[in-house]
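We'll go through it one chain at a time.

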Amino acid sequence: MKKVLALLLALTMLFALAACGGGGESGGGTQTQAPANNDNQGGNDNPPANNDNQGSNDTPANNDNQGGGTEGGSSELAGEYNVTIWCPDLATDLTKSQVEAFNSSNTMGIKINATVEPVSEADAATNMINDVSAGADLFFFAQDQLSRMIQAGAVSKLGQGASDFVKSNNTAGSLAAIQAGSDYYAYPLTADNGYLMYYDKSVIPDEDVDSLEKLIEDCEAAGKYFAYELENAWYNAGVFFGVGCHSDWVTDDEGNFISIDDDFNSDKGLIAAKGIYKLVSSPCYLNSSAQEGFDNNCAIIVTGTWSYSAILKSLGENMGTADLPSFNVDGTDYHLGSYRGCKLLGVKPQTDPKVGAAANQLAQYLTNKECQLQRVETLGWGPSNIEAQSDPITLANPAITALNLQSEYSVMQPNIHGSWWDIGKVITTDIKESDGSDDALRAALQKYYDSIQAVFTMSDEVKNAWTVIGAIGGSSWDVDFEMTKDGDVWTSNDTFDLKAGDELKVRQGKNWDVSYGNGGENYVVEADGTYYVTFNESTTEVALVPAG
Amino acid sequence: MKKYSDLEFLRLSKWQKFCYRIIAFFCGIPGAIAGFFLNIGKTIQKGFQSFIAELKDIAITFTTGDWKTKVSYIVMGFGNLTHGQFLRGIMFLLFEIVFLFYMITTGGYWLSMLPSLGHQGPTKEYNAIYDQYTTTYNDNSFKILLYGVLTIFFIVAFIYTWRANVKQCKTINMILKRGGKLKRSGDDLRSLVDESFYKTLLALPLTGILVFTVMPIVFMVLVAFTNYDGAHNGYSNALFTWVGLDNFNTLFSWQSAGGGQSYSATFGEILTWTLIWAFLATFTNYFLGMFVAMMINKKGIRLKKMWRTILVMTVAIPQFISLLYVSKMFARNGLVNLTLQGMGLINSPLPFWENPMWARVTVIIINIWIGIPYLMLITTGILMNIPADLYESARIDGANGWQQYTKITLPYMLFITGPYLLTSFTGNMNNFNVIYLLTGGAPTNSAASGAAGSVGYTDLLITWLFKITTGAESQYYLASVVGIMVFVVVALISLVVYNLLPSIKNEEDYQ
Amino acid sequence: MATKEKTLVETQQRHMGMKALNRISNTAVYILLTVISIVWLLPFAFILLQSFRVESTSPVGYVIPQQWGLDNYLQLWNSDFKRWYINTFIIALFAAVFVTIIQLCMSYTLSRFRFKLRGPMMRFMLILGMFPGMLTMIILYRVLADLGLTQANAVPGLILVSVASSGMGYYVSKGFFDTIPKSLDEAARVDGATRLQVLYKIILPLSKPIVIYTILTAFMGPWGDYVFARYVAFGTSAGYNVAVGMYSWLTNDQIAQMYTTFCAGGVIVAIPVTILFLCLQKYYVEGVTGGAVKG
């Protein structure tokens with residue numbers, strides 16, 4: 001009678017299998033894409049619905065009609081779509097009303113049934129990567145996650161029309177934030193992902209806000225905290241940027257990281273480390289950026305614009321905002337730097353192009369000038385839209401104003417390898433535990449350098465390969481163009497339309513350790529034309545060969 | 001070492017006895033290990049022999065059986081059906097049909113893909129009409145592995161059932177030869193609530209365990225041999241594939257793996273703290289819990305029920321509320337520090353969560369707060385079970401309170417609660433909630449953090465595993481290797497302690 | 001005479017001394033117990049007090065509210081908390097019923113029946129229990145996702161998982177069943193009762209404490225389930241349980257607005273569980289001491 005048990009067991013498992021198997025087929029089998037529309041592929045390569053309609057429902061004529069594609073597009077896109085949107089809790093109500101506004105204003109007949117779920121930006125990225133198929137169709141996320149998202153196949157590449165839309169409306173900085181290789185992958189929502197200093201005017205005299213040393217004194221005297229989350233790479237890297245260090249990352253078109261080029265482990269870096277030590281060795285230092293700090297004995301908090309309304313609520317008219325202070329090492333003042341970045345709206349890759357197109361339409365609407373201004377008003381989020389940035393509504397917000405002051409000392413946040421956050425934050429931990437001597441600080445920086453290098457153990461092939469880089473091919477020193485080796489001579493795979501005065505260089509291993517142009521200087525193009533770039537390994541000479 | 005006979009042993013002094021036991025234990029280890037492997041060898045040999053015997057039996061049943069038996073080899077349950085055992089016959093047949101149907105429709109596909117875990121990842125395509133990049137999802141490594149494993153389970157179940165079917169035919173033939181009576185379907189059903197009642201009772205629980213515990217563990221053990229991570233998730237980006245023992249090499253290589261130290265050093269560091277934590281957490285709770293229970297049970301103490309209720313109440317409140325709240329209380333600018341500062345007792349805040357030593361001690365102390373009520377409950381019951389006359393006679397002999405405790409209470413308690421202490425120790429090794437909700441692993445262990453993700457001084461193996469899984473790189477394969485190592489450590493400790501415990505004896509004695 | 005009297009006095013004195021000593025030690029115990037009780041209850045008292053604070057919603061350095069009110073409870077009512085609460089309650093209810101049935105089946109069988117695979121099975125489950133459960137989270141999620149039991153449907157999914165693997169936790173109740181004399185069963189069997197009848201006529205009435213203990217622990221479990229619940233219900237507020245939902249209130253971007261609401265939620269979550277627990281405390285204690293130790 002064991003058999004009956006075995007049978008029962010087996011049968012139950014079978015039901016589980018059968019149930020699972022049903023779902024399994026879609027993954028295992030092949031899915032065919034709706035091919036019905038492909039017949040007119042050649043005839044119509046214009047984006048069908050590049051709708052620049054910025055929320056004004058009375059002007060349907062205002063569609064940016066690019067070559068007649070729109071009409072076909074609108075009828076094709078008409079229909080109801082169920083879309084899930086993940087946005088931070090505070091923005092859910094606003095987002096819901098904006099989707100409603102989109103439904104009533106769009107001229108393409110798109111009706112979105114939106115489910116807006118409160119999911120923080122950090123969670124959104126993690127959740128999307130865990131299971132793309134169960135993820136939201138549109139989601140707010142922070143720019144540093146972009147490469148991770150591209151790598152995980154969680155964001156879809158923007159089409160031509162969408163790329164034009166973001167290019168024409170957003171600041172250069174925010175465009176860099178959505179770019180990987182030469183493609184765009186998301187819509188900029190804000191350009192305020194940086195930090196400024198909030199302070200309690202009843203404790204800190206306004207004239208002290210420029211000096212880190214004075215601020216520390218004030219806090220120590222008042223027995224209050226100076227909250228600055230330096231044990232977080234996003235914050236401590238800013239100190240290094242402030243003294244003139246840099247940290248650059250290179251990705252390929254797939255969002256894969258190729259290399260990092262940074263000089264935190266240098267004499268300049270040592271100055272930054274000394275600055276960090278000044279604060280972290282003080283009893284008033286608090287490793288936090290929590291906005292509720294002012295209710296908890298903080299006098300200063302370094303955090304972003306998203307905390308504006310909460311802080312205003314707890315401090316009232318005692319709230320002061322300012323750019324970050326300067327610190328003094330060996331008689332020289334160094335202004336604390338920061339990262340500046342964007343929050344982005346990502347669109348999940350879709351299997352049905354029609355759904356994808358509708359989702360992109362909604363994404364464009366949600367990131368247009370009107371919607372960004374609404375976010376400035378209700379949430380205090382600084383816009384990425386060029387026009388919205390100079391709008392009086394934006395200029396009236398003190399936090400955004402302070403952030404703008406800080407922007408002079410800030411560095412655009414590039415795509416960053418996920419492990420860097422864990423490696424970078426350790427610098428502060430090590431500095432805090434050290435005795436502040438030069439040797440100890442240098443040791444902390446050296447450790448950081450070793451850790452980060454170990455992440456990029458590139459294959460020899462990539463390490464030894466030469467690439468062309470410069471203000472060429474529509475890029476500005478941010479794309480490596482590959483070359484092919486023949487004997488001693490490397491020749492670029494692509495041709496470039498160059499103008500006299502354009503500059504370029506050839507480098508090895510996609511980093512700046514070894515690079516040649518005109519000797520060590522940049523190679524300057526002498527005459528307009530279309531060229532291949534060549535490089536002779538043995539003579540280290542760069543030359544242009546006219547194409548054709 | 002010298003072996004003492006029982007009589008000689010009894011003559012030894014107490015100290016000598018103790019030393020003798022310790023030495024005997026360590027001398028016994030090589031023998032135990034050798035015995036273990038010898039046992040494995042024997043088991044394999046035995047298994048092989050019984051396998052041969054099974055094959056022989058199958059062959060003999062076939063050659064000696066009648067035509068009905070022979071048909072049963074292909075059409076399962078045929079023998080039962082033709083002999084009037086309809087219930088059994090139909091179930092056999094049904095199972096075979098379902099199995100074949102499944103294998104032909106989907107099972108075969110999963111099985112065939114298992115060696116490669118898929119050929120073609122997702123592909124992107126530009127659709128000019130809609131100006132969209134669309135994605136086509138092709139093979140899915142994750143599902144291939146999952147359903148591949150399930151299919152293998154299913155095949156094993158089928159072979160087992162088929163074998164049962166053959167045995168049935170043999171039994172039927174034997175019974176008929178003896179002129180006996182075959183069981184009818186009714187008999188089968190009746191037996192399910194009587195002598196075979198255990199099958200009825202176990203069917204559901206075991207199925208659940210098989211599908212939701214065994215299968216996932218098998219799957220995750222297999223993941224340790226793949227490169228499944230965030231960059232190879234097998235579905236929306238690159239497929240993952242088998243990599244053999246590479247991941248174990250990574251964990252056990254002493255080479256620096258990004259960051260100041262190697263994975264193995266990090267692993268060793270976390271393991272050490274995990275063991276220290278488990279030991280302290282278990283025994284502080286145990287002794288303090290016992291102490292509180294003894295206080296409440298003390299003669300002449302009134303309101304016993306009230307004291308007990310106050311403590312027990314804290315067991316009822318979900319940990320995520322109490323632990324999260326307490327974690328905020330001890331923050332650098334939390335309630336405790338602000339109150340102490342307000343009272344002028346300290347000048348600068350106490351680094352509860354910032355200093356490694358402070359954080360570890362604080363975690364253990366808060367764990368005492370969490371654990372004492374539970375231990376108090378358990379020990380109360382046992383303390384009351386200690387025969388009162390033991391104490392009475394001890395008192396007459398002039399033993400003081402401390403002597404009574406060490407000579408009577410403690411030995412008795414340790415004897416009874418030995419197994420509980422073991423499970424509680426391994427439970428504490430995997431005590432995710434307390435660490436995760438209190439510190440999340442903080443403060444950061446800068447030396448250990450690096451390519452292995454962020455590691456903190458209070459991280460246990462289990463929270464490290466969680467961080468690896470959900471961290472920036474989602475290194476599932478590494479998490480799986482760490483999980484296997486946790487298993488190995490827990491199993492080793494259990495094995496050693498189990499053999500040392502006095503109260504592990506024949507379980508029938510309890511009844 | 002004199003010597004006798006002297007001894008009597010001595011005994012009396014010693015008796016008095018003992019009494020005094022006893023009184024001192026009792027007083028010490030009372031003081032200790034009071035201190036312990038205060039330490040144990042303080043955090044909960046703090047949570048309760050802060051849940052009534054109106055003047056600010058973020059964590060502060062004092063305990064007693066300056067302004068009292070029910071704003072935080074109102075805020076709870078207006079948030080998704082209701083939904084989370086109902087979800088958790090449903091999970092807890094179903095888990096209590098099914099986990100109890102499964103664990104009792106398992107433990108009763110393993111305590112009372114002797115069959116060929118019993119030993120290997122128990123050993124196998126012991127070994128399975130040594131794998132960290134965290135490891136299987138990813139795969140269980142995928143299985144549930146394929147069955148459509150994640151996100152908005154997380155509630156049945158969580159019930160399924162908690163019930164399906166509950167057979168592994170048979171130790172406590174098996175320990176209890178082991179203490180019921182086997183002779184009772186045998187006597188009934190001799191009288192012609194089937195095993196089923198033995199179970200529900202003889203064993204179950206004797207097992208009230210362990211049944212209630214199992215129900216209670218199964219019911220309390222889901223209220224604290226955070227990690228797996230979050231992994232299954234991610235990104236869909238409708239599928240959260242209280243732990244997942246409330247945890248998000250303590251994250252950096254929400255704590256300033258939601259801290260006191262978290263406290264209010266904590267109170268609302270703790271009340272029913274605590275009341276239930278206190279009412280059934282007697283059985284819980286019997287279950288723990290009867291079963292947990294024998295394992």
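What follows is a walk through chain C, then chain B, then the sheets of chain A.

First, the ground rules: this is a predicted model, so local features need pLDDT of at least 70 and side-chain atom pairs count only at pLDDT 80 or more, while totals for chains, interfaces and linings use all residues. Residues are numbered from 1 along each chain as its sequence is written, with chains lettered from A and ligands numbered from 1 in the order in which they are written.

Let's start with chain C. It has 14 helices and zero strands, where helices (H or I, at least four residues) and strands (E, at least two) are DSSP runs numbered from the N terminus. Its C-alpha trace spans about 90 × 70 × 35 Å along the principal axes. The radius of gyration, taken over C-alpha atoms, is 26 Å, whereas a compact globule of 295 residues would come out near 19 Å (the globule rule is 2.2 Å times the number of residues to the power 0.38).

Who does chain C touch? Taking a contact as two C-beta atoms, placed from the backbone, within 7 Å, 68 residues of chain C are in contact with 77 residues of chain B. Helix 1 (residues 2-50) of chain C supplies the largest share of chain C's side, 12 residues. By class, that side has 47 nonpolar, 16 polar and five charged residues; here Ala, Val, Leu, Ile, Met, Phe, Trp, Tyr, Cys and Pro count as nonpolar, Asp, Glu, Lys and Arg as charged, and the others, Gly among them, as polar.

Over in chain B, the domain assignment gives domain 1 (6-59), domain 2 (66-222) and domain 3 (263-502), with bounds that come from an automatic or database assignment. The C-alpha centres of domain 1 and domain 3 of chain B lie 34 Å apart.

Now for chain A and its strands. Strand 3 (residues 138-142) of chain A has five of its five residues buried, so it is largely enclosed by the rest of the structure. Both faces are covered: Leu138(A), Phe140(A) and Ala142(A) are buried on one side, Phe139(A) and Phe141(A) on the other. In a regular strand, side chains alternate between the two faces of the sheet.

Two strands pair if DSSP finds at least two bridges between them. Strand 3 of chain A pairs in the parallel sense with strand 1 (residues 79-87) of chain A over two bridges, and Trp86(A) stands opposite Phe139(A). Strand 3 also pairs with strand 17 (residues 343-347) of chain A, in the antiparallel sense over five bridges, with Leu138(A) opposite Val347(A).

Elsewhere in chain A, five strands form an open, mixed sheet in the order 11-8-12-7-13. Strand 11 (285-286) and strand 13 (319-322) of chain A stand at the edges with a single partner strand each, so one side of each is left without a neighbour in the sheet. Strand 7 (residues 196-200) and strand 12 (residues 298-303) of chain A pair in the antiparallel sense over four bridges, and Tyr198(A) stands opposite Ile301(A).

Note on methods:
Buried ≥ 20, exposed ≤ 12 C-beta atoms within 10 Å, placed from the backbone.
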